[in-house]
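Hello,

Here is the structure for you to open alongside this email. My notes come after it.

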Amino acid sequence: MSEYRPPVDEMLFILDSVAGIHAVAELPGCEMVTSELARSIMDEAGELASNVLAPLNAKGDQAGADVRDGQVHVPDSFRQAYEAFVEGGWGGISAPETYGGQDLPQLVSMPVQEMWQSANLAWSLCPLLSQGALHALELHASEDLRRQFLPRLVSGEWTGTMNLTEPQAGSDLGLVRCQARHENGHYLINGQKIFITFGDHDMAGNILHLVLARLPDAPQGTRGLSLFLVPKLIPDENGEPDRPNNVSAVSVEHKLGLHASPTCVMSYEDAVGYLVGQENQGLPHMFAMMNDARVSVGLQGVAIAERAYQQAVEYARNRMQGRVPGSAGTVSILRHPDVRRMLMEMKSQIFAMRSLCYMAALHTDHARRHPVEDRRAWHQRRLDLLTPIVKGWICEVAIELTSIGIQVHGGMGYVEETGAAQHYRDARIITIYEGTSGIQAGDLVGRKIIRDKGRALGELLEEIGETLASAEALPAEDRIVAEALRDGLDETASTLDWFRRELGNDDDLPGSVAFNLMMMLGYLCGGWLHARSAVAAAGAADRQDMQARRVCARFYAEHLMPQVAARARRVRAGAANTMALTEEQF
């Protein structure tokens, strides 16, 4: 497996010229945020990623995680890497200062997360889940719970999990059976949860589980769920881990990828828990964690695609095979046009994917920190709209790109020796966990377009139109960028008009077209962000890195923007033939 090189310059270009870090620096508490600060943080985080985490990726995949003597064990090297993570204070990079964090904006912390995910996706899932638990507790837990548990989560001494799924309740959380009953100032939790990432491990001193469970008199369905904090070890009066709670990992799953990340079956038998927020409001409280996690999984798509791309480029540069016109002898396959096609598809798509994630981070910062309520609401609408596209479109594309990475390697990509196959195996889950692509698409169409009456989407299309106006002034050689964006915007607008007209005529229409509508908007957003890049790069046309970004924008316009029209055509096909067969005909 190749080394990992954090793409700091590319990340900083997006922060500066596509997302706009200067806008975050105007927010309360972010006045000291600059490109220079971001670079210094990213350089230091890159050291951990490339020197500590990346070398463990293949080893962890081979070693895996297992259960011995009732305890889940991860590779020893993972535990040592986590100690370095805690010593560096990385667990609190975006956490509140009140509980020991650095309170940096998401736009700065997101590239750091991406580095860790690229370097070692299996390992990175542990701090990722802790950050989600931290945010949910910060928003909804009582002050007593926050004081007792948040400092340890922020420091990384303790880790967190999210416990939703049960054997009979996958995406339909209304079927959750896990029970809770009140007793002596706390609650006792009983039930089983499955697919719990890092539900147990030996890297930290305690694990805090956020568990959805149902009180005895709770309503049926999702409205009867409450959220509980259930520690693996119950703290004493001084906050130190004291006695074992009645929670255990029954087993770990044997998976296609992410072998070193323990996915646990968890058992709760009168386990002591503490109510987080209000009774019967567990799902809304958990959504704070779930929505953060969905954006983070989109970022995983960027990260694993970047790792696959870097390895593919290195292999293509060094693999001597065949001849090309004008060559005197055997050349590296990087000279072959079809290999160039594959690498350009990877490179240009990763830029679009990364830019969309960073835009989501920008809107997260404004939604949480902007002093004006109306502006916070505007940014929250945009974030809500982008979240299913970030999760759905990016993850779908990431699987395609890791597959292309194998193809670049040829036969060597199909064997484990090179490590290319691991990237594909690790990536395959990202379209499934934290809500499948179909769930993301349904959320986009049902909640963010139909229920919202297209308000947030209209605001996004208006902003894309403003970028188009700027792109119209690009030099002649870059004119294809504006032309493709104009065509994509027109195609999207006409398709959405068709969808609104047809909406009341067929109950199956939203569910049948949602996936392709989501993918259409994803490719459109990619073209929009490449156009922003081309406009910024045109101002420094003499620099090779800027020339490369303009070429990538042109390639995306020519090769990927036609996907907008293709997906639009699939949307306008409607539901008729999707739903035409009887169940017996399948």
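Below is what turned up on salt bridges first, then cysteines.

A word on the ground rules. This is a predicted model, so local features need pLDDT of at least 70 and side-chain atom pairs count only at pLDDT 80 or more, while totals for chains, interfaces and linings use all residues. Residues are numbered from 1 along each chain as its sequence is written, and side-chain values use heavy atoms, with hydrogens and water left out.

**Salt bridges**

A salt bridge here is a side-chain nitrogen of Lys or Arg within 4 Å of a carboxyl oxygen of Asp or Glu. The count is 36.

Start with glutamate 314 and arginine 5. Their closest N and O atoms are 3.7 Å apart. Glutamate 314 sits in helix H9 (residues 282–318), and arginine 5 in the segment before helix H1 (8–19), so this pair ties together parts 309 residues apart in sequence. Helices are DSSP runs of H or I, at least four residues long, numbered from the N terminus. Both partners count as partly exposed: glutamate 314 at 32% relative accessibility, arginine 5 at 41%. On that scale, buried means under 20% relative accessible area, exposed means over 50%, and partly exposed is in between (1.4 Å probe, protein chains only).

Next, aspartate 9 and arginine 39. The closest N and O atoms of this salt bridge are 2.8 Å apart. It links distant parts of the chain: aspartate 9 is in helix H1 and arginine 39 in helix H3 (residues 35–53), 30 residues apart. Arginine 39 is partly exposed, at 33%.

Then glutamate 416 and arginine 425. Here the closest N and O atoms are 3.1 Å apart. Glutamate 416 is partly exposed at 47%. Arginine 425 is buried, with a relative accessible area of 12%.

There is also a network. Salt bridges link Glu10, Arg543, Asp545 and Arg549.

**Cysteines**

How many disulfides does the whole structure hold? The search finds 0. A disulfide would need a pair of cysteine sulfur atoms within 2.5 Å.

Take cysteine 178. The closest cysteine sulfur belongs to cysteine 264 and is 16 Å away, too far for a bond. Cysteine 178 is buried, at 1% relative accessibility.

Cysteine 552 is in no disulfide either; the nearest cysteine sulfur is that of cysteine 357, 17 Å away. Cysteine 552 is buried too, at 6%.

Best wishes

Methods:
Helix = DSSP H or I, 4+ residues; strand = E, 2+ residues; numbered from the N terminus.
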